[in-house]
Amino acid sequence: EILPNGPKGTHILMAVPRKKPGPRLTHTSVLRRVAPPQSRIRMLIVDDNELMREGLRKVLGDQQDLRVIGEASNGEAAVALTRRLKPDVVLMDVNMPGMDGIEATRQIRRQVRGAAVIGFSIHEDKHTAEASKKAGACAYVTKQESPDKLYDVIRHHSRARVQ
């Protein structure tokens, strides 16, 4: 039965008879046939620029296997949220006021077991990448990289963490 609902759209009411499954279709046979859903990669985005966080949240959120579970605008908040939310991957801006991404990465690696930190910066110089990795980042990606490159790095390091 289709019920008109004015300017808000249409509601569809569907009646399904309740029957016990027959001998060919049991609850256990359904469970055997259906593959378990793959878990999504839980992401924390850390960047002091609100527009950058918003853009990252949108492009990362469009990926079916990624889920943004939190955002932080500085290093202190990043450490606290990582302890509380236990993300799979932290995308960490390197340059932020207060506690920068290098120190936040160092503290996260010391305090939170299992979170992969990916350094993320506008700077393409080797010094910044090396400092990020020395602090414990598993990878370093510049903000100029394509979204596909960022997705690949996130997926690679989240799988490496699980294995």
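Reader: What share of the residues in the chain is buried?
Author: The model is a predicted one. A residue counts as buried when its relative accessible area is under 20%. The chain has 163 residues, and the buried share of them is 37%.

Reader: How many helices and strands does the chain have, and what pattern do they follow?
Author: The count is six helices and seven strands. Along the sequence they are arranged as β-β-α-β-α-β-α-β-α-β-α-β-α.

Reader: Among contacts between residues at least 6 apart in sequence, what percentage joins residues at least 24 apart?
Author: Contact here means heavy atoms within 4.5 Å. Of the contacts in the chain between residues at least 6 apart, those joining residues at least 24 apart make up 60%.

Reader: Are helix 3 and helix 4 roughly parallel or roughly antiparallel?
Author: Two packed helices are described by the angle between their axes and the distance between the axes. Helix 3 covers residues 75-85 and helix 4 covers residues 101-111; their axes come within 9 Å and cross at roughly 20°. Angles under 35 degrees count as roughly parallel. Helix 3 and helix 4 are therefore roughly parallel.

Reader: Which residues of helix 4 meet helix 3?
Author: From helix 3, the residues taking part are Gly75, Ala78, Val79, Thr82 and Arg83. By class, this contact has four nonpolar, four polar and one charged residues. On the side of helix 4 the residues are Ala104, Gln107, Ile108 and Gln111.

Reader: Which elements do the buried residues of helix 4 pack against?
Author: The buried residues of helix 4 are Gly101, Ile102, Ala104, Thr105, Gln107 and Ile108. They pack against helix 3, strand 5 (89-93), strand 6 and helix 5 (126-134).

Reader: Is Thr82 buried or exposed?
Author: Thr82 lies in helix 3. Apart from residues up to four places away in sequence, Thr82 touches Leu44, Pro87, Val90, Ile108, Val112 and Ala115. Its relative accessibility is 0%, so Thr82 counts as buried.

Reader: What is the phi of Lys86?
Author: Lys86 sits in the loop between helix 3 and strand 5. At 48% relative accessibility, Lys86 counts as partly exposed. Most residues other than glycine have a negative phi. Lys86 is not a glycine, yet its phi is positive, at about 50°.

Reader: How far apart are the C-alpha atoms of Val46 and Asn74?
Author: Val46 is in strand 3 and is buried, with 1% relative accessibility. Leaving aside neighbours within four places in sequence, Val46 is in contact with Ala72, Asn74, Ala78, Val90, Leu91, Met92, Asp93 and Met96. Val46 and Asn74 are 28 residues apart along the chain, and their C-alpha atoms are separated by 6.8 Å.

Reader: Which residue's side chain makes a polar contact of 2.8 Å with the side chain of Asp47?
Author: Asp47 lies in the loop between strand 3 (41-46) and helix 2 (50-61), and it is buried at a relative accessible area of 1%. A polar atom of the Asp47 side chain lies 2.9 Å from the backbone nitrogen of Asn49. Residues that Asp47 touches include Met52, Arg53, Asp93, Phe120 and Lys143. The side-chain partner at 2.8 Å is Lys143.

Reader: What is the C-alpha to C-alpha distance between Glu54 and Glu71?
Author: Glu54 is found in helix 2. At 42% relative accessibility, Glu54 counts as partly exposed. Glu54 and Glu71 are 17 residues apart in sequence, and in space their C-alpha distance is 9.3 Å.

Reader: How far is Ala116 from Thr105 in space?
Author: Ala116 belongs to strand 6 (residues 116-121). Ala116 is buried, with a relative accessible area of 7%. Ala116 and Thr105 are eleven residues apart in sequence, and from C-alpha to C-alpha they are separated by 9.5 Å.

Note on methods: Residues are numbered from 1 along each chain as its sequence is written. This is a predicted model: local features need pLDDT of at least 70, side-chain atom pairs count only at pLDDT 80 or more; totals for chains, interfaces and linings use all residues. Side-chain values use heavy atoms; hydrogens and water are left out. Helices (H or I, at least four residues) and strands (E, at least two) are DSSP runs, numbered from the N terminus. Buried means under 20% relative accessible area, exposed over 50%, partly exposed in between (1.4 Å probe, protein chains only). A polar contact is a pair of N or O atoms within 3.5 Å; within protein, one must be able to donate a hydrogen and the other to accept it, and residues adjacent in sequence count only if both atoms are side-chain atoms. Axes are lines fitted to C-alpha atoms, for helices over the stretch in contact, and angles run from 0 to 180 degrees between N-to-C directions. Angles under 35 degrees count as roughly parallel, over 145 as roughly antiparallel, 65 to 115 as roughly perpendicular and the rest as oblique. Ala, Val, Leu, Ile, Met, Phe, Trp, Tyr, Cys and Pro count as nonpolar, Asp, Glu, Lys and Arg as charged, and the others, Gly among them, as polar.
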